[in-house]
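Subject: A structure for you to look at

Hello,

Here is the structure I promised to hand over. Please open it first, and then read my notes below.

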Amino acid sequence: NTPCSVVPNRGSIMTRLVLALTLLSLLGLPGLAQPAPAPEDSTKPVEDSTTPAEQEATTAPKPSKKELAKQALSRATDAHKEALEHADGAIKKFKAFVHDLDDHADAKTAAAGLEESAQKDVEKNAEDAENTFQSRLGTLAKSGSSGDSKAVAAAAKKANRAAKEVEHSAGDDKAKAMRELRKHIQKAKKEEAHTLARKAREGARAAVKAAHTLERAERHAGVKEDSYERELDHNARIGEGMEDQAKDLQDKADDKIEKYFDTLEGRSEPLEDDAREEAAKHLAEERGAVRGATKQAGEEAEKVRMAAKKAAAEAKAEAKAAKAKEAAAAAVPTEVAPEAKDATKAADGASPDGANAAGAFAGGASSGGSWPTAFAAATRPVPLVGAAGLLVFAAAAVAFPAALRMRRTVREAPLLG
């Protein structure tokens, strides 16, 4: 009675496998349920991404060392030739620059150009200075209307200062601008000379370097030693000679620049002097205009002052007369009798002893009137004012007895034959 072995059924195994795969797909592993990708077809041809030139280069046979040396020699020869041409061009350009510095006739033209440029530089400032002067000259001409001599003097001072600014702008500033332009051009010429010399030296050194590169290329190309050494010496001497020539040209350029600008300075200085002289003439004219305007303004100020003084005196006199009139009107409030007026006039012209008043009294008695009447008329009470009335009254009192005695003693003179 041995136990028998149980052989599983094939159908049940497949069923379990399907169920297991379904369970795995439900648990979040969908990739397990997807079918595997189909294998690539190894028989399909692969596309070639290389260019035809690369294909040709890969297919062409590699050059030999000899061919490579020949190619390097060709390139070195071309480079050396180009370096020589570049250095020679730099030397020729530098020579032309130095040659132009010998043209002293050009210095005269350059001086005229300096003057023109300087004139343009200072033209705006000179125009502003002239406008300022004209404005201050107009102010000076109007300053006399104030009648203040100090204002006239201050305006004249400002006008003279503005005239000096015009002269400075047209003369000194122009000459200064010419000098500064000349220095600027000289500096630029020196910098240009140094630049040309540097380029010439660099070109010569490049030619020497290219000669050594050519010598190596010739040695690798199998050229005979005596041949490439001889050619190297020749090419090196050419390059070194160019470098020496560039140095000599730089020295000549520095010397000629100094001489050239000495000549230019000699051409420019007379133009600077002419500018100063012309500005001085213009300054003299403007100062003459200032003097004329100052004189006219001073005369006008004097007239205004005199007119003001006269008006002030007249006003003072009128005020004084009005004040006296008011005082007189306040002192004599009533009308004075005619007889009192005559007596007052007589008293005003009498001496201290009262003779005039007595004469007047006696005349009144001798003219046919009685002395009592005359005395009554002379001593009639009238409203007298102040010391004049008292004098009249005292003179009448003293003269009355004297007049009486004189009337009794006077006799008529006998008539002659």
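**What I found**

Let me start with helix α3, where Ala69, Leu73, Ala76, His80, Ala83, Leu84, Ala87, Ala90, Ile91, Phe94, Phe97 and Val98 are buried (buried means under 20% relative accessible area, exposed over 50%, partly exposed in between, with a 1.4 Å probe and protein chains only). Helices here are DSSP runs of H or I with at least four residues, numbered from the N terminus. The buried residues of α3 pack against α5 and α6, where contact means heavy atoms within 4.5 Å.

Before going on, please note that this is a predicted model, in which local features need pLDDT of at least 70, side-chain atom pairs count only at pLDDT 80 or more, and totals for chains, interfaces and linings use all residues. Residues are numbered from 1 along each chain as its sequence is written, and side-chain values use heavy atoms, leaving out hydrogens and water.

How far apart are the end C-alpha atoms of α3? They are 53 Å apart, which agrees with the 52 Å that its 36 residues (65-100) should span at 1.5 Å a residue; the expected span is 1.5 Å times one less than the number of residues. Gln71 also belongs to α3 and is partly exposed, at 41% relative accessible area. Its C-alpha atom is separated by 8.9 Å from that of Ala221, 150 residues apart along the chain.

In helix α5 you will find Gln186, which is buried with a relative accessible area of 19%. Leaving aside residues up to four places away in sequence, Gln186 touches Ile257, Glu258 and Phe261.

Phe261 turns up again among the aromatic pairs. Rings of Phe, Tyr and Trp (its six-membered ring) pair if their centres lie within 6.5 Å; planes under 30 degrees apart count as stacked, over 60 as edge-to-face and the rest as tilted. The count comes to 2 aromatic pairs. In the pair of Tyr260 and Phe261, the ring centres are 5.1 Å apart and the planes stand at 85 degrees, so the pair is edge-to-face. Tyr260 and Phe261 are both buried.

Finally, have a look at the second largest pocket. It is lined by 15 residues, and Gln119, Ala126, Val166, Ala170 and His282 lie nearest its centre (a pocket is an open set of points on a 1 Å grid over the protein atoms alone, where a 1.4 Å probe fits, with protein on both sides within 12 Å along at least five of seven lines; lining residues have an atom within 4 Å of a point). Helices α4 (105-142), α5 (149-220) and α6 (225-331) each supply at least two residues of this lining.

Best wishes
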